[in-house]
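Visitor: I have a chain open on my screen and would like to talk it through with you. Could we begin with the overall form and then go to the details?

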Amino acid sequence: MSLMKVLREVATRGVTEARARIFGHVLNPTGQRSGHKILRKKLIGEKVADWYPHDFKKDDPVVMARLEKARLSKLQMLKRRGKAPPKKGQGRRAMKRSK
């Protein structure tokens, strides 16, 4: 390599490092992938959470008790008809395994 080529590379590297420091860029001389592009973006979790309305049912114990009571009565009705879900370990998959 000639002396001019070496000096040009050193000067270019120095200018690049200075530019990265001044403007707050991330210096990546090897060109490897990094997560900086993704981490640089603003987080959107709050906007997504604000989009959906607040579920007031989960806060009110009276409403939750009424829903649980309705669920249990429906389950009782299904059990009387023989349509209730099987107990744990008594389902279709367990029956296949026990054969």
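Guide: Before the form itself, one term is needed: the radius of gyration is taken here over C-alpha atoms, and the globule rule it is held against is 2.2 Å times the number of residues to the power 0.38. Please keep in mind throughout that this is a predicted model.

Visitor: Okay, so what radius of gyration does the chain have, and what would a compact globule have?

Guide: The chain has a radius of gyration of 32 Å, whereas a compact globule of 99 residues would be near 13 Å. Taken along the principal axes, the box filled by its C-alpha atoms is roughly 95 × 45 × 15 Å.

Visitor: And how much of the chain is buried?

Guide: Buried residues account for 4% of the 99 residues. The chain exposes about 10,500 Å², and 59% of that area is supplied by carbon and sulfur atoms.

Visitor: What about secondary structure, how many helices and strands are there?

Guide: There are five helices and zero strands, which gives the pattern α-α-α-α-α when the chain is read along its sequence.

Visitor: Take H1, then. How far does it reach, and what follows it?

Guide: Helix H1 covers residues 3-23, and its 21 residues reach 30 Å from the first C-alpha to the last, close to the 30 Å expected at 1.5 Å a residue. After H1 comes glycine 24, which has a positive phi, near 75°.

Visitor: Switching topic: which residues make the nonpolar surface patch?

Guide: Ile44, Val48, Trp51 and Tyr52 make that patch, and its area is about 530 Å². One of these residues, valine 48, is found in helix H3, which spans residues 45-51.

Visitor: Why does valine 48 count as partly exposed?

Guide: Valine 48 counts as partly exposed because its relative accessibility is 42%, and that class lies between the cut-offs of under 20% for buried and over 50% for exposed.

Visitor: Now charges. How many salt bridges are there, and which side chains meet?

Guide: The count comes to one salt bridge, in which the side chains of glutamate 68 and arginine 71 meet at 2.8 Å, N to O. In general, side chains of opposite charge can pair when their charged atoms come close.

Methods:
Residues are numbered from 1 along each chain as its sequence is written. This is a predicted model: local features need pLDDT of at least 70, side-chain atom pairs count only at pLDDT 80 or more; totals for chains, interfaces and linings use all residues. Side-chain values use heavy atoms; hydrogens and water are left out. Helices (H or I, at least four residues) and strands (E, at least two) are DSSP runs, numbered from the N terminus. The expected span of a helix is 1.5 Å times one less than its number of residues. Patches are made of residues with over 30% relative accessible area and no salt bridge: like charges are joined within 9 Å, nonpolar side chains (Val, Leu, Ile, Met, Phe, Trp, Tyr) within 5 Å. Accessible areas come from the Shrake-Rupley method with a 1.4 Å probe; for residues, only the protein chains shown count as cover. A salt bridge is a side-chain nitrogen of Lys or Arg within 4 Å of a carboxyl oxygen of Asp or Glu. Buried means under 20% relative accessible area, exposed over 50%, partly exposed in between (1.4 Å probe, protein chains only).
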